[in-house]
Amino acid sequence: MKQVVGIINLQEGNSLIRELAATRAVEALPFAGRYRLVDFAISNMVNSGISTVGLMLPDFSRAVLDHIRSGKDWDLARRRDGLTYLPAALPDNDSRKGDLKDIYANLDFAELSGKQYVLLTNASYIYNIDFKDVVEFHKKSNADITMVYSKATTDRDGKSVVIETSTNGIVTDLAEVPAIKAGQKDVMGAYLMPVPTFAYIVRTTYERGGQDFLLDGLIRHAHEFKISAYKHQGYVAHINSTMEYYEANRDCLKPEVWEELFMNNDRPIFTKVKDEVPVQYKDTANVKNSLVANGCEIRGTVENSIIFRGVTVAKGAVVKDSILMQRCDVQEGARVENIITDKNVIITKNRWLKGAENYPYIVTKNARI
Amino acid sequence: MRKTELLGMILAGGQGSRLKALTKTVAKPAVPFGGKYRIIDFPLSNCANSGIEKVGVLTQYKPLELHNYLGSGSSWDLDRTGGGVFILPPYAREKGADWYRGTADAIYQNLNFIDLADPDYVLILSGDHIYTMDYSWMLKAHKDNNADVTIGVFEVSWEEAPRFGIMVTDKETGRITEFQEKPKEPKSNLASMGIYIFSKPFLKKYLEEDGVNENSTHDFGNDLIPKMLADNARMFSYAFDGYWKDVGTIESLWQANMDLLQDQPPFDLKGDMKIYSSNPSLPPHFIGPNASVKSSMINEGAKIEGDVDKSVIFQGVKVGPDAKVTNSVILPSAVVEKGAVVNYAIIAQDAVIKAGAKVEGKPGEIFVVPEGAIVNA
């Protein structure tokens, strides 16, 4: 994997998840109790042996920068190689939208890396993969470009890229659709190709007025290349809407998903280390079917929920089917159901708060209810 | 090396033979504690929190796991340019090699390191105590007293006093007038915590004398402190009134773990001073649909499907359905299978308590299952 340079594109704005992503990039959304979405993208690269990784920063980049810093927690603070931040291109006279101008502005990173292949991924998909298998597959298939996909198991709203393939696994059609149906082949935003191919697509597309790497670059150039498709067999979630975010978090309560995503000894998911104390359960705690992160203090009832670092649930409080982000405080006698609270929310004594089963109620950052 | 004011030296070479099965493969300072820590995290975090940038760690007994754990010192923010953690095992010289013959000898053999670090003061710590402390206040007292030596002391009950090294002090000034090692009839209840600040030239002089003295046992408590007292050195006590626990025995180690579990614990790991440790990359723990968890501490990566009460559960531990774990400490990656019962026990790393098996100790007789052992039903 020494011949691969990784680029993680954090430039994918996402309109369907605005409530939680108003103050941070989608990629910095907290996930599964102690992670942020971007942790999966970076860990997948690192676990696959890729040690040169570029991070294309989103417009709101503070949360991402504060989370990743030198990249040390991902073993990317290295003397050689390691992590490089690829900042967004200045607007200058170019008011074009889309991610392509940023990729174009940072093309040097890939071209001067001395590597043979570029692996471009994003951070809105959650999965645990060994990209070594993808590289092997790419070499064997003799293709110009390899895309990683998985078969959608349910119908979902939200923009997705789907492909059709011939029996020998070669992509015959590639399109962006507004919603995806069960059984369709969902491209997980991961593309592998030789550096010159990548540079060719980016240059020719940008210099002809293109805006979006996927739409204007890949899809319009698809007929010029032999594209193969690698099927990822494991768990995948696409965080495209608030509901998908809620569902993906709750998927982690299934022991098989929790084991596959997080407990693989060879491929742990790394995140920023915070030195929190193990969870303190007190005498009155009553916890069932939940994930609880370190730094929490639990005296009340918690069921079917994801509890992030440093949350307190007081005696007599009840938390059901909810996601409570960092440092929330659920006070005595309070009761929440089908709720997502952003960071530092306080649910004061005896308040009741309930969302709908298929539409969790979202409490914004630092709110006091 | 850049000059440093206070150099930390942690004595981490002890075998900890009273911890029996727990120290078969690791040195005492590497023994796990409190759900995610190891004993040495406490003095190391204290150093980091006191602004000490250079710390020597003296190792000797089965050092591999300890060395591996310390790594570059980055877990404690001690991977500093021109400073950080220095691992100091015994080494060979032109004429043969010596093991560390005692606590004082360990420091004596590393005088070259102390000279290189060039501190004004040397802080000597043991690697087997659980407490949080900001040593900078102790240093201030040392300077204010214009002391040669300052010794951290802790008030113990009079009944316990005969188990400790006791400092008899002048009530007003705190000046130490007498030292009694494990006295039958203690004259004071101030126990030495094994924390010493020495002015460097003073320490060097005594170490050099002691190093060549063939009648010495080369121990701070046995040899150097009595000699310094006899010489009428300026020796002061520094009283510490927080939580402090010697975890040198199975019972005391178990008790210190249990102390963390009360509703308002006497020692709160969440206190003002953060304890740093090496963090494995594991997810939040999972509590199953039929589990029950009370009065316990549980770390990341654990999977709890049975009942856990009054217990400390480390990372990656599995407790199966209908298993019952009470009054116990389960060290990393140990497994308690379906229907097994664990009560008043310490289960060491990677041990497996098979389905339906019973491991039961009682208060005062904590049952220890050694590392990697398998207990069948």
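## An enclosed helix in chain B

In helix 8 of chain B, the buried residues are B:I250, B:S252, B:L253, B:W254, B:A256, B:N257 and B:M258; buried denotes a relative accessible area under 20%, exposed over 50%, and partly exposed in between, with a 1.4 Å probe and protein chains only. The helix spans residues 250-258, and because seven of its nine residues are buried, it is largely enclosed by the rest of the structure. Helices (H or I, at least four residues) and strands (E, at least two) are DSSP runs numbered from the N terminus.

The cover over these buried residues of helix 8 includes strand 2 (32-33), strand 13 (245-246), strand 19 (312-313), strand 22 (329-330), strand 25 (345-347) and strand 28 (367-369), which belong to chain B.

## Basis of the model

The model is predicted: local features require pLDDT of at least 70 and side-chain atom pairs pLDDT 80 or more, whereas totals for chains, interfaces and linings use all residues. Residues are numbered from 1 along each chain as its sequence is written, chains are lettered from A and ligands numbered from 1 in the order in which they are written, and side-chain values use heavy atoms, with hydrogens and water left out.

## The interface of chains A and B

Chain A contributes 38 residues to the contact and chain B contributes 43, contact being defined as heavy atoms within 4.5 Å. Between them the chains bury about 3,300 Å², 48% of it on carbon and sulfur atoms; buried area is the accessible area (1.4 Å probe) that two parts lose on being put together, summed over both. The rule finds five salt bridges across this interface, each a side-chain nitrogen of Lys or Arg within 4 Å of a carboxyl oxygen of Asp or Glu. A:K72 forms a salt bridge with B:D79, with the closest N and O atoms 2.9 Å apart.

On the side of chain A that touches chain B, helix 10 (255-262), strand 14 (279-281), strand 15 (286-288) and strand 16 (290-292) of chain A each supply at least two residues. Helix 10 of chain A gives the most, with four residues. Strand 14 of chain A also pairs with strand 16 (residues 296-298) of chain B, in the antiparallel sense and over three bridges; strands count as paired if DSSP finds at least two bridges between them. Within this pairing, A:Q280 has B:M297 as its bridge partner.

## Two serines of chain B

B:S45 lies in helix 1 (residues 41-49) of chain B and is buried, with a relative accessible area of 0%. Apart from residues up to four places away in sequence, B:S45 touches B:W76, B:K274, B:I275 and B:Y276. The side chain of B:S45 reaches the backbone nitrogen of B:Y276 at 2.8 Å.

B:S333, by contrast, is partly exposed, with a relative accessible area of 36%, and is placed in the loop between strand 22 and strand 23 (335-336) of chain B. Leaving aside neighbours within four places in sequence, B:S333 is in contact with B:Q315, B:G316, B:V317 and B:D350.

## Antiparallel strands in chain A

Strand 9 (residues 156-165) and strand 10 (residues 171-180) of chain A run antiparallel and are joined by eight bridges. A:V161 stands opposite A:E176 in strand 10. The hairpin of these strands has five residues between them, and A:G169 there takes a positive phi near 80°.

Strand 9 of chain A is also joined by two bridges to strand 11 (residues 185-194) of chain A, again antiparallel. Here the bridge partner of A:I163 is A:K185.

Methods. Polar contact = N/O pair within 3.5 Å; in protein donor to acceptor, adjacent residues only side chain to side chain.
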